[in-house]
Amino acid sequence: MTPGAGTERELYDPATGEVHARLADSTAEECAAAVDAAARAFDGWQDAGPRHRAGCLRALAALVRAHGADFVELERVGAGKPVARIGGEVDFAVRALEWFAEQALRPWGEVHPSGPGTRAYTDRVALGVCAAIVPSNYPLLMAAWKVGGALAYGNTAVVKPAPETPLSVRLLVELGRRVLPEGVLGAVYGGAAAGRLLCALPGVAAVSFTGSTAAGREVAAHCAPGLKRVSLELGGKNPLVVFPDADLEAAAASAVEAFTGNSGQMCVGASRLIVHESVRGDFVREVAARAFARRVGPTADPRTELGPLISARAVERVASAVGEAVDKGVTALLPPGRREVRPEPSGPHGGGFYVSPVVLDEVPGELRAWREELFGPVLAVRGFRTEREALELAHDTEYGLSASVWTADGGRVERFARRLRAGMLWFNTWGDTDEHISVGGIGHSGYGRELGVHAAEQYTQTRAVWLAHPAAPGEGP
């Protein structure tokens with residue numbers, strides 16, 4: 001399958017279900033042309049030097065900040081994000097670009113011991129054209145993370161946004177054209193076919209992908225024949241473990257944000273609650289009450305806390321998994337007056353892709369609600385009695401993206417920090433992320449790292465260099 005011949009794609013506002021814009025998918029020729037342009041720009045961008053690259057990235061960050069209101073509106077309408085949430089994401093995108101501007105000027109490499117007449121060192125060099133494939137849940141933010149890293153280290157970049165949310169990425173690339181040399185930053189648009197083509201094009205040296213585990217497997221497979229550098233930040237079925245000695249009020253507040261934030265559309269979201277039996281009943285009721293109190297409403301209303309999912313298909317995925325659990329006898333806690341996760345068609349949100357938050361108590365391990373990343377505000381609950389049992393339940397998944405543990409016992413924190421198999425660990429907190437700290441998953445949550453100093457491992461190649469030099473006249477062994 002190849003990209004369509006400029007097929008126009010309808011873009012839907014998730015809050016209303018109505019078409020708000022149209023954008024043509026990139027053709028195969030346009031995808032190849034974007035990569036060719038980036039390849040032609042590579043030598044000049046790399047040779048311009050780190051100070052020039054740093055200045056360009058800082059200028060791009062300033063433009064993103066100046067156009068913050070435009071990005072807020074594009075992500076509100078395109079991704080269905082409540083306006084109260086988007087400003088922080090735009091700020092994070094700016095910080096990421098500024099961070100990588102600084103990294104362009106940081107030293108890397110080592111000088112190694114060597115014999116007489118030689119000097120040996122290692123350094124890092126740029127790879128070439130980097131393809132950045134970004135998801136629908138954080139279009140601008142993920143693009144900024146990847147573009148910043150690629151450009152700082154001397155690469156050029158081609159971004160492919162998710163087909164549902166291309167417009168904020170398009171604006172980012174348009175702003176980039178004001179401050180970056182021609183061809184350094186480009187974009188292609190469309191669905192999976194465009195992504196597969198980017199992975200296969202010989203001019204692409206590396207691919208950074210954020211998305212589902214299933215799609216990540218495809219990316220890796222399509223990159224394998226060309227032996228391209230690949231970074232995969234994939235899905236998660238992340239646990240939030242609560243012991244009875246924890247600050248239960250703070251834990252409940254974090255648990256609610258962890259499964260309803262961004263309407264549950266977060267790869268790091270904690271969709272499995274593992275709570276000690278001695279506090280389970282009260283804690284689950286508290287989490288449910290807090291979640292159900294979150295205000296659902298129009299995305300333009302600054303009071304709205306819970307927006308829609310990205311598509312009607314996403315609603316069906318959530319509703320199907322919840323329905324399966326109920327059919328198996330699982331207790332489903334829903335907001336007062338609600339009988340299912342979908343809104344009434346004739347209700348105030350009936351035209352949009354909204355779902356209610358739902359807490360599923362005592363979910364069997366074989367059900368999708370416990371095993372699969374649903375990407376919606378669904379919390380699956382299990383109880384435990386011993387520390388060992390809690391750890392086993394936390395590990396009852398093939399994913400390994402994040403985990404959160406709540407306890408006042410310092411020894412227990414150390415034990416879980418040592419044993420938990422996840423790329424991001426939070427103790428007595430959840431969701432902290434900083435541009436200077438590298439993040440990523442293990443297991444079926446992928447490999448490679450975003451942000452921080454370890455992003456260099458995706459966007460550069462380490463070399464070993466030996467320099468031989470003759471002895472000065474009159475010198476010798």
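The structure is a predicted model, in which local features need pLDDT of at least 70 and side-chain atom pairs count only at pLDDT 80 or more, while totals for chains, interfaces and linings use all residues. Residues are numbered from 1 along each chain as its sequence is written, and side-chain values use heavy atoms, with hydrogens and water left out.

Helices (H or I, at least four residues) and strands (E, at least two) are DSSP runs numbered from the N terminus. Two strands are taken to pair if DSSP finds at least two bridges between them. An open sheet of 7 strands shows mixed pairing and has the order 12-13-14-11-10-16-17. Strand 12 (331-333) and strand 17 stand at its edges with a single partner strand each, so one side of each is left without a neighbour in the sheet. From one strand to the next, the twist averages 20 degrees; axes are lines fitted to C-alpha atoms, for helices over the stretch in contact, and angles run from 0 to 180 degrees between N-to-C directions.

Within this sheet, strand 10 (residues 239-242) and strand 11 (residues 272-276) run parallel and are joined by 4 bridges. Opposite Pro239 stands Arg272 in strand 11. Helix 9 (residues 248-260) packs on the sheet and touches strand 10, strand 13, strand 14 and strand 16 (402-406), where contact means heavy atoms within 4.5 Å. The direction of helix 9 makes about 170 degrees with that of strand 10.

Val230 in strand 9 is the bridge partner of Val207. Together with helix 8 (residues 213-223), strand 8 and strand 9 make a right-handed β-α-β unit; a crossover is right-handed if, with the strands pointing away from the viewer, the path from the first strand over the helix to the second runs clockwise. The pairing of strand 9 with strand 19 (residues 446-447) is antiparallel, over 2 bridges, and Leu232 has Tyr447 in strand 19 as its bridge partner. Of the 5 residues of strand 9 (residues 229-233), 4 are buried, so the strand is largely enclosed by the rest of the structure. Buried here means under 20% relative accessible area, exposed over 50%, and partly exposed in between (1.4 Å probe, protein chains only).

A nonpolar core is a set of buried Ala, Val, Leu, Ile, Met, Phe, Trp, Tyr and Cys residues joined through side-chain atoms within 4.5 Å. The largest such core has 89 residues, and Leu151 and Leu273 have the most contacts inside it. Not counting residues up to four places away in sequence, Leu151 touches Trp45, Arg53, Leu57, Thr156, Ala157, Leu180 and Val184. A second, separate core of 36 residues includes Ala319, Leu334, Val355 and Leu391.

Side chains of opposite charge can pair when their charged atoms come close. With a salt bridge defined as a side-chain nitrogen of Lys or Arg within 4 Å of a carboxyl oxygen of Asp or Glu, the count comes to 29 salt bridges. One of them joins Arg9 and Asp25 at 2.8 Å, N to O. Arg9 lies in strand 1 (residues 8-13) and Asp25 in the loop between strand 2 (18-24) and helix 1 (28-47), so the pair ties together parts that are 16 residues apart in sequence. Arg9 is partly exposed at 27% relative accessibility, whereas Asp25 is buried at 11%.

In another salt bridge, the closest N and O atoms of Arg382 and Glu362 are 3.7 Å apart. Arg382 lies in strand 14 (residues 378-384) and Glu362 in the loop between strand 13 (358-361) and helix 12 (368-371), so this pair ties together parts that are 20 residues apart in sequence. Arg382 is buried, with a relative accessible area of 17%, and Glu362 is partly exposed, with 38%. Salt bridges that share partners join Glu277, Arg280, Asp361, Glu362 and Arg382 into one network.

Most residues other than glycine have a negative phi. Asn428, in the loop between strand 17 (424-427) and strand 18 (442-443), has a positive phi near 60 degrees and is partly exposed at 36% relative accessibility. Leu451 also has a positive phi, of about 65 degrees; this residue is found in the loop between strand 19 and helix 15 (456-459) and is buried, at 0% relative accessibility.
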